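Please open the model in your viewer and keep the sequence beside it.

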Amino acid sequence: MAKADYYETLGVSRSVDEKELKSAFRKLAMKYHPDRNPDNSEAEKKFKEINEAYETLKDPQKRAAYDRFGHAAFENGGPGAGGFGAAGGFGGAGGFSDIFEDIFGEMMGGARGRRSSGGRERGADLRYNMEITLEESFEGKTAQIRVPTSVVCDECTGSGAKPGSSPTTCSTCHGSGRVRAAQGFFSVERTCPTCHGRGETISDPCPKCRGEGRTVEERSLSVNIPAGIEDGTRIRLQGEGEAGLRGGPSGDLYIFLSVKPHPFFQRDGADLHCSVPISMTQAALGGKFEVTTLDGTKSRVSVPEGTQTGKQFRLKGKGMPVLRSSHKGDLYIQVRVETPQKLTRRQRELLQEFDELSSNENNPESNGFFARMKEFFGTE
């Protein structure tokens, strides 16, 4: 029975590139893998076919030979047969075991990348939440924090072994941290059950750290908060996280900053906004008022005659510092006209007298609004 075309077996075109070829193979390998299709001879047969096709097409020389001669390239000593005899049997270098590790390595040993030789494992990253005031964000500061974390054991200097002894190479995996077992026509690699992937065993562990090479302590650290830093900023302190296992590198410490709400100012990037109430008479007649800015100085704001609620005044350079820059944002003052309350009889009389003397020119917005509404709805 003639073999199916390798390209058709993998469901790809003859112009497929290496990345697309591998992606197609991964999908089919996951679909027809024997572990997912127990006691299914058709799936097992299909799995062998797609593996054989991929083994040929992933190699540029074998692919070139196949494109020119087809399956004959690997039969009876054909031009592509050299070194390929294991395509159907998954043997030799580059055989199925290598592909299995490439395809299913994440499923079987996702933690391998964290460990180095000798069982040394990188420590975990730590998070520390810090809250600062808007004034501290404006000025910058150096903060002292205390962080409970794992540090290198000073008794065994991180080896995990009792002083005077040392770890020994695992006799089961011979230091690799992985063991491979044959299951039918393919092999499965898993974490070594003896050393748990570390590649070493400790017969006489350190009594202080119990073989981990690290202990828990509270550390005092200095954190520089630059002027202008914003809410939600993350500061990374490299190597200040949890100590690595058995002498492995330390993780990092991440400081997550939050800025407390301010009673007067709201921040928008480098700019600040402040809402200031003014009296009705000040808005009508004009005047001046002072505001204290974040730098501690006072700034005078002039209110022109006839100022309305929502009017903004800009104080240039009175906002927040721009991070790592000499520039500063602006402070925007928005006024709100306050309506008088708890009027005395005399105040009420004066206001009524003022209302009687008022004309449309004194209240152009309200008169204009109602005039437009009447015109729009056609009412009197």
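How much space lies in the largest pocket? About 750 Å³ of space lies there, where a pocket is, on a 1 Å grid over the protein atoms alone, an open set of points where a 1.4 Å probe fits, with protein on both sides within 12 Å along at least five of seven lines, and where lining residues have an atom within 4 Å of a point. Grid points are joined across faces, edges and corners, and the volume is the space filled by probe spheres set on the points.

Before you select anything, note that this is a predicted model, in which local features need pLDDT of at least 70 and side-chain atom pairs count only at pLDDT 80 or more, while totals for chains, interfaces and linings use all residues. Residues are numbered from 1 along each chain as its sequence is written, and side-chain values use heavy atoms, with hydrogens and water left out.

Select Met280, Ala284, Phe354, Asn362 and Asn363, which, of the 20 residues that line the largest pocket, are the closest to its centre. Then colour α7 (280-285), α8 (345-357) and α9 (364-377), each of which supplies at least two residues of the lining; α7 gives the most, with five residues. Helices (H or I, at least four residues) and strands (E, at least two) are DSSP runs, numbered from the N terminus. By class, the lining has nine nonpolar, eight polar and three charged residues, with Ala, Val, Leu, Ile, Met, Phe, Trp, Tyr, Cys and Pro counted as nonpolar, Asp, Glu, Lys and Arg as charged, and the others, Gly among them, as polar.

**Second stop: four annotated cysteines**

Now select Cys170, Cys173, Cys192 and Cys195, which the UniProt annotation "binding site", from an unreviewed entry, covers. They span 26 residues in sequence, yet no two of their C-alpha atoms are more than 9.0 Å apart, so they gather at one spot. UniProt positions are given in the numbering used here, feature names are shortened, and annotations may be inferred rather than shown by experiment.

Zoom in on Cys192, which lies in the loop between β5 (186-191) and β6 (200-201). Is Cys192 buried or exposed? Cys192 counts as buried, because its relative accessibility is 1%, and buried means under 20% relative accessible area, exposed over 50% and partly exposed in between (1.4 Å probe, protein chains only). Leaving aside neighbours within four places in sequence, its contacts (heavy atoms within 4.5 Å) include Cys170, Cys173 and Arg178.

Cys195 is also placed in the loop between β5 and β6, and at 3% relative accessibility Cys195 counts as buried. With neighbours within four places in sequence again left aside, Cys195 is in contact with Cys170, Cys173, Gly177, Glu200 and Thr201.

How many disulfides does the structure hold? It holds zero, a disulfide being a pair of cysteine sulfur atoms within 2.5 Å. The sulfur closest to that of Cys156 is in Cys209, but at 3.6 Å it is too far for a bond; for Cys206 the closest cysteine sulfur is likewise in Cys209, at 3.8 Å, too far for a bond. Cys156 is buried, with a relative accessible area of 5%, and Cys206 counts as buried at 1% relative accessibility.

**Last stop: the whole chain**

Finally, zoom out to the protein chain, which has nine helices and 15 strands, and in which buried residues make up 36% of the 380 residues.
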